[in-house]
Amino acid sequence: NYQRIARQITQSHSSRLANEGVNNIALVLIDHQSMETLAYVGNQPFSRARSFAPDVDIAQRPRSTGSILKPLLYGLMLQDGELAPTSLIPDIPTQINGYSPRNYDRNFRGAVQAHYALAHSLNIPSVRMLRDYGISRFQQKLQAMGMSSLFRPADDYGLTLILGGAEASLGELTAIYARLAASARDGDRAQPPVKFL
C-alpha cells in the first residue's frame with residue numbers, strides 16, 4: 001500500500017516538476033521505529049527518453065546535498081551547547097579566505113536568530129556556523145551518522161560543505177533523518193541500521 005501511494009505521489013508531481021526543469025524524482029519512506037523501508041521509488045522520470053536516464057536508481061546515486069545538511073549542523077551545535085535557537089548570527093557581507101557566500105536572494109538581514117537562519121535556509125549564517133564548529137569536526141560527525149560518501153579530506157570540501165559542496169544519496173540522507181527521529185523518541189540508544197527493501 002505504501003509503495004502504491006509512493007508511486008502515485010511521484011507520478012502526480014512528475015509533470016509539474018518537469019515544467020520547472022526537474023525531470024527525475026526519487027522517494028524513500030523509512031519507518032523511524034522499525035527502520036524498515038516502507039516504500040522506495042528509485043527513479044520516476046518525466047519521460048522514458050534515454051536522456052532522462054530512466055533506468056538509473058537515483059535514490060542510491062550521490063548528488064549534491066544542497067541545504068539538507070544545515071539542520072544537522074544546527075542540531076549538533078545545539079546538542080554541544082554551542083548554539084541556542086535565539087543566538088544571533090551575522091547575515092552580513094562575508095569573506096572568509098577569499099570565499100564569499102551569498103544568500104539565495106542576494107539580500108542581507110543583519111543579525112538574525114539561529115532558528116530564523118535555519119527556517120529561511122540562509123547561507124551566510126550557515127557558513128559562519130560551520131566555520132565556528134569546524135569543517136573536519138562536522139565531516140566526522142556526518143560520517144558517524146552514516147554519510148559514507150564523504151571520503152575526501154575536509155579541506156577539499158571547505159565551507160561549501162554546508163551549501164551542497166558534498167554529495168550524498170537520498171537513501172543515505174533519509175536513513176540519517178530517520179535515525180534522528182528515532183533518537184529524539186528514544187534518547188541516545190543506538191539505532192539499528194536501515195533495512196532497505
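The following legends describe close-up views of a predicted model.

**View 1**
Helix H4 spans residues 123–133. Nine of its 11 residues are buried, so H4 is largely enclosed by the rest of the structure. These buried residues are Asn123, Ile124, Pro125, Ser126, Val127, Arg128, Met129, Leu130 and Tyr133. Their packing partners are five elements: H2, strand S4 (88–91), strand S5 (110–113), helix H3 (114–119) and H5. After H4 comes Gly134, which has a positive phi near 110°.

**View 1. The packing of helix H2 against helix H4.**
Helix H2 comprises residues 70–79, and its axis lies 11 Å from that of H4, at an angle of about 45°. H2 is therefore oblique to H4. The crossing of the two helices is left-handed. From H2, the residues Lys70, Leu73, Tyr74, Leu76 and Met77 take part in the contact, and they meet Asn123, Ser126, Met129, Leu130 and Tyr133 of H4. Seven of the residues in this contact of H2 with H4 are nonpolar, two are polar and one is charged.

**View 2. Helix H2 and its buried residues.**
Within H2, the buried residues are Lys70, Leu72, Leu73, Tyr74, Leu76 and Met77. Among them, Lys70, Leu73, Tyr74, Leu76 and Met77 also belong to the contact with H4. Just after the helix, Gly81 adopts a positive phi of about 75°.

**View 3. The crossing of helix H2 with helix H5.**
The axes of H2 and H5 approach within 11 Å and cross at roughly 105°. This angle makes H2 roughly perpendicular to H5. On the H2 side, the contact is formed by Leu72, Leu73 and Leu76, and on the H5 side by Phe138, Lys141, Leu142 and Met145. The residues of this contact of H2 with H5 comprise six nonpolar, no polar and one charged. Leu73 and Leu76 of H2 take part here and also in the contact with H4.

**View 4. The buried and exposed sides of helix H5.**
Helix H5 covers residues 135–145, and its buried residues include Ile135, Phe138, Gln139, Leu142 and Met145. These five residues lie on the same side of H5, because they cover an arc of only 120° around the axis. Gln140 and Ala144, on the other side of H5, are exposed. Three of the buried residues, Phe138, Leu142 and Met145, also contribute to the contact with H2. Gly146 follows H5 and has a positive phi, near 120°.

**View 5. Ser14, a buried residue of helix H1.**
Ser14 belongs to helix H1, which runs over residues 2–18. With a relative accessible area of 7%, Ser14 is buried, since the cut-off for a buried residue is under 20%. Leaving aside residues up to four places away in sequence, Ser14 touches Val22, Ile25, Gln44, Pro45 and Phe46.

When residues up to four places away in sequence are not counted, Leu29 touches Tyr2, Glu36, Thr37, Leu38 and Ala39. Between Leu29 and Val41 there is a separation of 12 residues in sequence, and their C-alpha atoms are 9.0 Å apart in space.

Conventions
Residues numbered from 1 in each chain as written. Predicted model: local features only at pLDDT ≥ 70, side-chain atom pairs only at ≥ 80, totals over all residues. Heavy atoms only, no water. Buried < 20%, exposed > 50% of the residue type's maximum accessible area, 1.4 Å probe, protein only. Helix = DSSP H or I, 4+ residues; strand = E, 2+ residues; numbered from the N terminus. Arc of directions from axis to C-beta. Axes fitted to C-alpha atoms, helices over the stretch in contact; angles between N-to-C directions. Parallel < 35°, antiparallel > 145°, perpendicular 65-115°, else oblique. Left-handed = near helix turned anticlockwise from the far one by under 90°. Contact = heavy atoms within 4.5 Å. Nonpolar A, V, L, I, M, F, W, Y, C, P; charged D, E, K, R; others polar.
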